[in-house]
Amino acid sequence: MPIYNHTFETMPRREIEAVQLKRLQATIERIYATVPFYKKSFDKAGIKPEDIKSLNDLQRIPFTTKLDLRDNYPYDMFAVPMEQVVRIHASSGTTGKPTVVGYTQNDIHTWAELIARSFSAAGATSRDILHNAYGYGLFTGGIGAHYGAEKLGMAVIPVSGGNTKRQITIMQDFKPTILCGTPSYILHLAEIAAEMGVDFKDLHFKSGIFGAEPWTENMRAELESKLHLKAIDIYGLSEVMGPGVSIECLEEQKGLHVFEDHFIVEIIDPDTGEVLPHGETGELVFTSITKEAFPVIRYRTKDITSLNSEPCACGRTHIRMNKPSGRSDDMLIIRGVNVFPSQIESVLMETKGILPHYQLVVDRKKNLDTLTVKVEIDEKLFSDDIKSLQAMETHISENIKEHHGVSAKVLLVEPKTIQRSQGKAVRVIDNRKL
């Protein structure tokens, strides 16, 4: 497949690192002079901008966390005056104040280029039509994908989330070839399409670019079989840029290429902060080295993954991050056992007749934690006798215990019992008072 920016995306490692160091030094010097939070953080650690002489010196700099961003709400982390800011996005703020991010005009151009690179990696060209089902608004997904697709020369249908039946009609009439959205909402679209008697096989999609929530290889198989397209994982977060920080390539679909000329990526031990070597699993940390309005240094994403520096068949030389297995702050500790929703999902999706809609409910009864896994099953199976359903519940429960060491009560529920989301799926309900 064609590479959008061949010069930067296929750069030899030595040249990538030279570009990174030059841009890192310029960013550090600028934020030390313009962002009081970073000046105070550097001074406390005894570091001056001129001390950053190599990429290894990045490890001397303190981390930045989401709490730091919220403590400087709304604009105190901005590195430019407000008259230079042309766009403001924000996280949902479901666990506290939202994190507010700003973009200069040049940031918008950079972001659009990264999305154009991403879509090209997924097989898109200027001849394609994008059905963009990411939400538009403060969430970065919809507008980020929109601008990048236009930069690539694609026609964009800005349908956003919701109005699901209308979306199916638009797919039939407008004949889009590339699909974007959160995987949970896209599966909901497929469900509604089936109700309407519409088979995705009769539509025109060739690739789907899905992100904003972790999804497993089993979920990929589900998406590809129901939608009859290639399911590509895209990664991003508003604090670092938005979507387009990294993406899988169509050739291998084995890890997401991080655009290293714009971001420096590290994996750390989430408990000690120690930087881990490539191949080891830990928490993902990003430093942005081209952002003007809202650069972040060593930002702890809480996403759990590992890095892969092996050559890729697509020709891109940037390092790959493996699909995140979950988040350190989404990790559940059930009677001393650590478990992520994605680990439970991998067991569920291996069971014939299970639908890709589930929810983990955690309670504390008599000082003991309990985990209940609610999962929808095919309507045909739900009509089976009670003994068969109970046997299936027991089978799934035993598999969860065997693979992940945690005891869980499994409840099979009718299709459409679990509430659908137009954005990110709510996978965990934790009723404990922790």
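Predicted model: local features only at pLDDT ≥ 70, side-chain atom pairs only at ≥ 80, totals over all residues.

Tutor: Helix 9 is followed by His-228, a residue with a positive phi, near 55 degrees. The helix itself covers residues 217-227, and its buried residues are Met-219, Arg-220, Glu-222, Leu-223 and Leu-227. Viewed down the axis of helix 9, these buried residues fall within an arc of 160 degrees, so they line one face of the helix.

What do the buried residues of helix 9 pack against? Their partners include two helices, helix 8 (183-195) and helix 10 (341-348). The strands they pack against are strand 5 (178-181), strand 6 (207-210), strand 7 (230-237) and strand 18 (354-365).

We may now turn to the nonpolar cores. The largest has 68 residues, and Tyr-38, Phe-119 and Phe-286 have the most contacts inside it. Helix 5 (residues 105-121) gives the most to this core, namely seven residues. Apart from it lies another core, of 24 residues, and Leu-227 of helix 9 is among them. Other members of that core include Ile-168, Met-171 and Trp-215.

Helix 9 also takes part in a pocket. The second largest pocket holds about 440 Å³ of space. Among its 20 lining residues, Glu-191, Ala-194, Lys-226, Leu-355 and Asp-378 are the closest to its centre. Helix 8, helix 9 and strand 18 are the elements that each give two or more residues to this lining. By kind, the lining consists of nine nonpolar, four polar and seven charged residues.

How values were computed:
Residues numbered from 1 in each chain as written. Heavy atoms only, no water. Buried < 20%, exposed > 50% of the residue type's maximum accessible area, 1.4 Å probe, protein only. Helix = DSSP H or I, 4+ residues; strand = E, 2+ residues; numbered from the N terminus. Arc of directions from axis to C-beta. Contact = heavy atoms within 4.5 Å. Core = buried A, V, L, I, M, F, W, Y, C linked by side-chain atoms within 4.5 Å. 1 Å grid on protein atoms, 1.4 Å probe; cavity = no way out; pocket = protein on both sides within 12 Å on 5 of 7 lines; lining within 4 Å. Points joined across faces, edges and corners; volume = space filled by probe spheres on them. Nonpolar A, V, L, I, M, F, W, Y, C, P; charged D, E, K, R; others polar.
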